[in-house]
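Please keep the structure open as you read.

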Amino acid sequence: MSTGHWVQTVRTTRPTPKKRSPGRPEVLDQQSRRVILLRAAEAAFTERGYDAATMEQIAQIAGMSKKTLYQAFQDKHSIFIELITELDIFPDARTEAETSHDDPETELHLRLCALAQHILSPRQITLTRLMISQAGRLPDLPASFHAKVMAKGFTYIFHSTARLAAQSASLPTERTEALTGVLISVLLGDWHLRTLFGSEPPSSTEISVRAQEAIRTAFPLSGATP
């Protein structure tokens with residue numbers, strides 16, 4: 001994808017600026033400015049790779065000065081860490097609400113599908129490849145990614161697993177953490193690795209079927225799947 005496309009994308013997804021006087025530049029709050037810079041960094045890293053991308057290119061894509069970029073981020077390392085561990089982290093409040101359900105088994109199914117669709121999405125696969133390429137050189141990246149990203153996704157599934165375990169008399173609730181790990185492992189299987197290596201991601205139907213299989217594996221004596 002060309003730099004011109006990325007520049008247009010970043011600029012058309014800017015947060016709404018504060019009102020300004022005629023003839024003066026738009027006024028952005030600090031958080032909005034950081035988001036624009038992070039999306040510009042994502043564009044630069046995706047197109048050029050981490051090593052080839054420069055702070056000057058990131059500022060250019062964002063339509064800001066290098067001074068503004070350095071006021072927000074100390075260096076390329078810090079902007080990369082924040083991009084991977086802070087921007088658009090799954091799940092957001094909307095996803096939480098859309099996958100909540102009165103029936104715990106239905107909720108677990110919805111959330112497993114949402115998790116797989118996120119992890120296997122083209123954008124997330126691209127970011128994962130970038131992260132893997134730099135994990136050995138940025139020693140703080142794996143721990144930060146686990147604490148801020150993986151743990152949040154795990155907790156999202158854990159809560160629904162706990163609800164279903166609580167109504168399954170044959171399954172002790174203290175096994176919830178282990179069951180959550182089983183669910184996620186069965187759900188993703190070899191899909192994640194294959195997609196990282198360039199295979200097409202599974203369809204939503206395939207993900208739904210696999211999610212049902214994961215629930216049957218973790219809860220063999222539970223009721224009918226969604």
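1. Let us begin with α5 and α9, whose crossing is right-handed (the near helix is turned clockwise from the far one by less than a right angle). Their axes come within 9 Å and cross at roughly 30 degrees, so α5 is roughly parallel to α9 (an angle under 35 degrees). Axes here are lines fitted to C-alpha atoms over the stretch in contact, with angles from 0 to 180 degrees between N-to-C directions. Helices are DSSP runs of H or I with at least four residues, numbered from the N terminus.

2. A word on the source: this is a predicted model, in which local features need pLDDT of at least 70 and side-chain atom pairs count only at pLDDT 80 or more, while totals for linings use all residues. Residues are numbered from 1 along each chain, and side-chain values use heavy atoms, without hydrogens and water.

3. Which residues make the contact of α5 and α9? From α5 come Phe80, Ile81, Ile84, Thr85 and Glu86, and from α9 come Leu141, Ser144, Phe145, Lys148 and Val149 (contact means heavy atoms within 4.5 Å). Six of these residues are nonpolar, two polar and two charged.

4. Helix α5 (residues 76–86) also meets α2: Arg34, Leu37, Leu38, Ala41, Glu42 and Phe45 in α2 touch Lys76, Ile79, Phe80, Glu82 and Leu83 in α5. The axes of α2 and α5 come within 10 Å and cross at roughly 100 degrees, which means that α2 is roughly perpendicular to α5 (65 to 115 degrees).

5. A cavity is a set of points on a 1 Å grid where a 1.4 Å probe fits but cannot get out, and lining residues have an atom within 4 Å of a point. There are two cavities of 30 Å³ or more; volume is the space filled by probe spheres set on the points. The largest cavity holds about 70 Å³, and its lining includes Ile84, Phe145 and Val149, residues that also take part in the contact of α5 and α9. Helix α8 gives the largest share of this lining, three residues.

6. The second largest cavity has a volume of about 40 Å³. Ile84, Gln124, Leu127, Thr128, Met131 and Phe145 line this second cavity, and four of its lining residues come from α8.

Methods: Helices (H or I, at least four residues) and strands (E, at least two) are DSSP runs, numbered from the N terminus. Angles under 35 degrees count as roughly parallel, over 145 as roughly antiparallel, 65 to 115 as roughly perpendicular and the rest as oblique. Ala, Val, Leu, Ile, Met, Phe, Trp, Tyr, Cys and Pro count as nonpolar, Asp, Glu, Lys and Arg as charged, and the others, Gly among them, as polar. On a 1 Å grid over the protein atoms alone, a cavity is a set of points where a 1.4 Å probe fits but cannot get out, and a pocket is an open set with protein on both sides within 12 Å along at least five of seven lines; lining residues have an atom within 4 Å of a point.
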